[in-house]
Amino acid sequence: MAANLERTKGMILSEGLTFKLASKMGKQSAHAVLKQVVAAAHEGNVSLREAAEANEQLSRVLQEDPELLDVRSHLGRAPLIADAAVNLARSNRKCDATVS
């Protein structure tokens, strides 16, 4: 999952950055800033992080909350849920083996 997020060069994380910026400057202004930054990232073939750090407004937001563009912080509970599902499946398999 992290590899898939990395392949987008962080672009998939732009929504969270937009929300954070919108709380400071309003939704429309934040959207306009992110639109420019994403375009600059594509044109320069750089990551969203690199383009955001080059933008004065976004670099301040990232200093306040550096996890906004940290892929690992967006994985959420997926690893815990997957582990729980595997453990449950193993437990059920053990129960089935003792019943048979």
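**Figure 1. The whole chain, from end to end.** Going along the sequence, the protein chain reads α-α-α-α-α-α. That's six helices and zero strands, where helices (H or I, at least four residues) and strands (E, at least two) are DSSP runs numbered from the N terminus. This is a predicted model, so local features need pLDDT of at least 70 and side-chain atom pairs count only at pLDDT 80 or more, while totals for chains, interfaces and linings use all residues. Residues are numbered from 1 along each chain as its sequence is written, and side-chain values use heavy atoms, with hydrogens and water left out. Buried residues account for 28% of the 100 residues in the protein chain; buried means under 20% relative accessible area, exposed over 50%, and partly exposed in between (1.4 Å probe, protein chains only). The accessible surface of the protein chain is about 7,100 Å², with 53% of that belonging to carbon and sulfur atoms (Shrake-Rupley method, 1.4 Å probe; for residues, only the protein chains shown count as cover). Take the contacts (heavy atoms within 4.5 Å) in the protein chain between residues at least 6 apart in sequence: 55% of them join residues at least 24 apart.

**Figure 2. Inside the largest nonpolar core.** Which residues touch the most other members of this core? Leu17, Leu48 and Leu58 do, out of 19 residues. The elements giving two or more residues to this core are α2 (14-25), α3 (27-44), α4 (48-53) and α5 (56-64). Of these, α3 gives the most, with six residues. For a core to count here, it has to be a set of buried Ala, Val, Leu, Ile, Met, Phe, Trp, Tyr and Cys residues joined through side-chain atoms within 4.5 Å. Zoom in on Leu17 and, skipping neighbours within four places in sequence, you'll find it in contact with Leu34, Leu48, Ala52, Leu58, Val61, Leu62, Leu68 and Leu69. As a bit of background, nonpolar side chains tend to be buried together in soluble globular proteins.

Figure 3. The structure has four salt bridges, each a side-chain nitrogen of Lys or Arg within 4 Å of a carboxyl oxygen of Asp or Glu. One of them pairs Asp65 with Lys20, the closest N and O atoms being 3.9 Å apart. Asp65 sits in the loop between α5 and α6 (78-99) and Lys20 in helix α2, so this pair links distant parts of the chain, 45 residues apart. Asp65 is partly exposed at 24% relative accessibility, and Lys20 is also partly exposed, at 28%. Another salt bridge joins the side chains of Lys24 and Glu64 (2.9 Å, N to O). Lys24 belongs to helix α2 and Glu64 to helix α5, so the pair ties together parts that are 40 residues apart in sequence. Lys24 is partly exposed too, with a relative accessible area of 47%.

Figure 4. Arg60 is partly exposed at 44% relative accessibility, whereas Glu56 is exposed, at 59% relative accessible area.

Figure 5. Thr18, in helix α2, is buried with a relative accessible area of 17%. Not counting residues up to four places away in sequence, Thr18 touches Ala30, His31 and Leu34. The C-alpha atoms of Thr18 and Lys35 are separated by 9.5 Å, with the two residues 17 apart along the chain. Ser47 is in the loop between α3 and α4 and is buried at 18%. Leaving out residues up to four places away, Ser47 touches Lys9, Met11 and Ala41.
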